[in-house]
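Take each task first, then follow the worked solution.

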Amino acid sequence: MEPVIDQAFAAALYSDGDAGLDTGASLLAADPSADAELLRRGEEFVRRAWDRGWLPADVVRLVRRELDGTRAGIAAALITAETGRYARLPPRWSAQLAELPAPPPPNRPDRFSYASAVLDLYRLLLRLPAVEPVGPPPGDPFGPGRPTRLPPAHDEPRMLTRIRALLAKAEATGFPEEAEALTTKAQELMARHSIDEALLAARTHSAAAPGACRIGVDAPYETAKAILLDAVASANRCHAVWNSDLGFSTVVGFEPDLESVELLYTSLLVQGTAAMTKAEAGQRAGGRKRTKTFRQSFLMAYAQRLGRRLASDTARVTAASTASGGGGDAAPDLLPALAARDIAVTDAAERMFPRTTSTRVRGATDPDGWTHGTEAADRARTGGPGRDRGITR
């Protein structure tokens, strides 16, 4: 006789709609002896996701987007259990695991409801498409049976610690001028850090190649958020490609620049959302009700303005570094070193994404939202007048 777990999977995972889920959940709810195998199969589904290019944060983000927070918590518990098998994890995984949502509480709902949620999750995991890998899947170089987790290879560079602190202060302050100064200083440090890394790589003939990371671009107003991320990536010598169907952008660049993009994008989104909420409250106090169009126009203006300002800030720091020579012989080496890295990033992005489309985005229809968004971008100290911005998809 076919095991209950296989009967439940056949009913629930390979069909659409609630009827199959109900049948599978009923079978599992009636047979507690299948619980251990149900969890083991879940860990196997998670392991297959790594082979298809997914990372922990990607999986949880998609589950929350397509299903709900309860199922995202179940996914997080499976991920934690599965990744506990490895002695060493790829870069970025430890940070992602630390930010996973809490697992479901021990006092589960009735067995049927829990089994239905698990099968609903497994149905989604089973159908995950392959995505472009942004690093190796986890592996255990010491062989099986070594569950000890190794510490990171090195601590966070001091420069990134300073940048993180500046951006945290910019997010926390209630004074726009202070937030502007702090964000500007952070971007200048990022640009100088990138220049130092480029010069060091050129002089040591480093074999380092561009890498990639994925950053979530969540609804609502995801188009404006994708434009903002594209602007931050471009200003930090990276290339961003947006996958609107799966809700993330893949950013290609050298590792120090990728870290800068993640930090700055997150901070600017926090600052922009806070400014938008404040501006919207003022509009609604005056009797205005068109909230959605105001927010969309605000974030579009914020993203485009910031893009121009970020590019200007980076160009200014680069020009100053070239002119000064960094106190030594940096000037003759700098521009060729930066050009070589730009070419390497472009080549890597084209290899990862041989077929992309660039979409010009318009549609900001609210003048008040556009004006407030532009002003907020100026306060965040990152834009300037110029052309419409497109995004790569």
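**Exercise 1.** Which residue lies over the face of F254, and at what distance from the ring centre?

*Solution.* Over its face lies R341, at 3.8 Å from the ring centre. Now turn to F248: R214 lies over the face of this ring, at 5.3 Å from the ring centre.

**Exercise 2.** Classify the ring pair formed by F294 and F298 as stacked, tilted or edge-to-face.

*Solution.* 
- Step 1: A search of the whole structure gives 7 aromatic pairs.
- Step 2: For F294 and F298, the ring centres are 6.2 Å apart and the planes meet at 40°, so this pair is tilted. The class runs between the cut-offs of 30 and 60 degrees.
- Step 3: Check burial, for which the cut-off is under 20% relative accessible area. F294 has 1%, so F294 is buried. F298 has 1% too, so F298 is buried.

**Exercise 3.** Which residues do ring pairs link into a cluster with F9?

*Solution.* Follow the ring pairs from F9: the cluster also holds F45 and Y122.

**Exercise 4.** Where does pLDDT stay under 50?

*Solution.* Start with the chain: its mean pLDDT is 82, and 84% of residues reach 70 or more. Then look at residues 140–155, where pLDDT stays under 50 and the model has 23 contacts beyond four places in sequence. Residues 381–389 also stay under 50, with 36 such contacts. Where pLDDT is low, predicted coordinates should not be read in detail.

Methods:
Residues are numbered from 1 along each chain as its sequence is written. This is a predicted model: local features need pLDDT of at least 70, side-chain atom pairs count only at pLDDT 80 or more; totals for chains, interfaces and linings use all residues. Side-chain values use heavy atoms; hydrogens and water are left out. Rings of Phe, Tyr and Trp (its six-membered ring) pair if their centres lie within 6.5 Å; planes under 30 degrees apart count as stacked, over 60 as edge-to-face and the rest as tilted. Buried means under 20% relative accessible area, exposed over 50%, partly exposed in between (1.4 Å probe, protein chains only). A charge sits over a ring if NZ of Lys or CZ of Arg is within 6 Å of the ring centre and within 35 degrees of the ring normal. pLDDT is the predictor's confidence in each residue, from 0 to 100. Contact means heavy atoms within 4.5 Å.
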